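Look over the sequence and structure first.

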Amino acid sequence: MYKIGAAAAAACLLSLVAVAAPNAANAGIIFSTADYTGVDTGEYIVSDDRYFGVGFTLDATTEIRGIGGQFGGFPSGAIFGAIVPLTSAGSLPSFTPSEIEANSLAHVVFSAPSATTDLTVPLSITLSAGSYGLVFGSGAFGADGAGGLGDGNNPVGSPSFFTYLSFDLDGNSWETASMDGARFTITGAPEASTWMMMTAGFVGLGLLGYRRARRSTAIA
């Protein structure tokens, strides 16, 4: 009876954890600069001479599943989205904009929609805990178009935005930007191996509690 009960307890715990475990099917938004409103009051035009980015920090190893934001208007060809390393969420990239291909950790090229849309495009990479930047632009990775990164959303927290403007007096360099209402998003989930370790811990604690309960019953 004891062995059957212990197995049943373990199976129950595993089932409960499996239901809650994040995976590719239920990965959610893990970073957002603003809540989507569907209202577009102005647009930041992403192009080969204007990049827009934001810094973010991960507290644990994370499987990134997609990137996106509110887009709409001025579609022409394709633009890129890239994840790059940062020393902190509030810092600027250490490389020049023209070096983004050599410094990108992952990228995806996509067509920006013409209508206001809360867009997510697939991008798969596992990132360690640390700080990174999400950058949208064109003129690299084969992207040769333009697209409107929407405004008019409800800001979340105090995102650290940055931009690159090719015809700015600073030339080929990044600078901080004020973009309240711009929506950048990242979808993902904890790394599978990390979740499995948590699952093993839950099951172990469950079995330990079950054995103690059985022992107490036997003594009584």
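## Aromatic pairs

The count comes to 15 aromatic pairs. Rings of Phe, Tyr and Trp (its six-membered ring) pair if their centres lie within 6.5 Å; planes under 30 degrees apart are stacked, over 60 edge-to-face, and the rest tilted.

The model is predicted: local features need pLDDT of at least 70, side-chain atom pairs count only at pLDDT 80 or more, and totals for chains, interfaces and linings use all residues. Residues are numbered from 1 along each chain as its sequence is written, and side-chain values use heavy atoms, with hydrogens and water left out.

## Tyr-51 and Phe-80

Tyr-51 pairs with Phe-80 edge-to-face. Their centres are 5.3 Å apart, with 85° between the planes. The pair links distant parts of the chain, 29 residues apart. Tyr-51 sits in strand E4 (residues 50-58), Phe-80 in strand E6 (residues 79-85). Strands are DSSP runs (E, at least two residues), numbered from the N terminus.

Are these two residues buried or exposed? Tyr-51 counts as buried because its relative accessibility is 4%. Phe-80 is buried too, at 0%. Buried means under 20% relative accessible area, exposed over 50%, partly exposed in between (1.4 Å probe, protein chains only).

## Tyr-51 and Tyr-164

Tyr-51 also forms an edge-to-face pair with Tyr-164: 5.2 Å centre to centre, 70° between the planes. Tyr-164 is buried, with a relative accessible area of 11%.

## The cluster

Tyr-51, Phe-80 and Tyr-164 belong to one aromatic cluster.

Definitions and conventions. Helix = DSSP H or I, 4+ residues; strand = E, 2+ residues; numbered from the N terminus.
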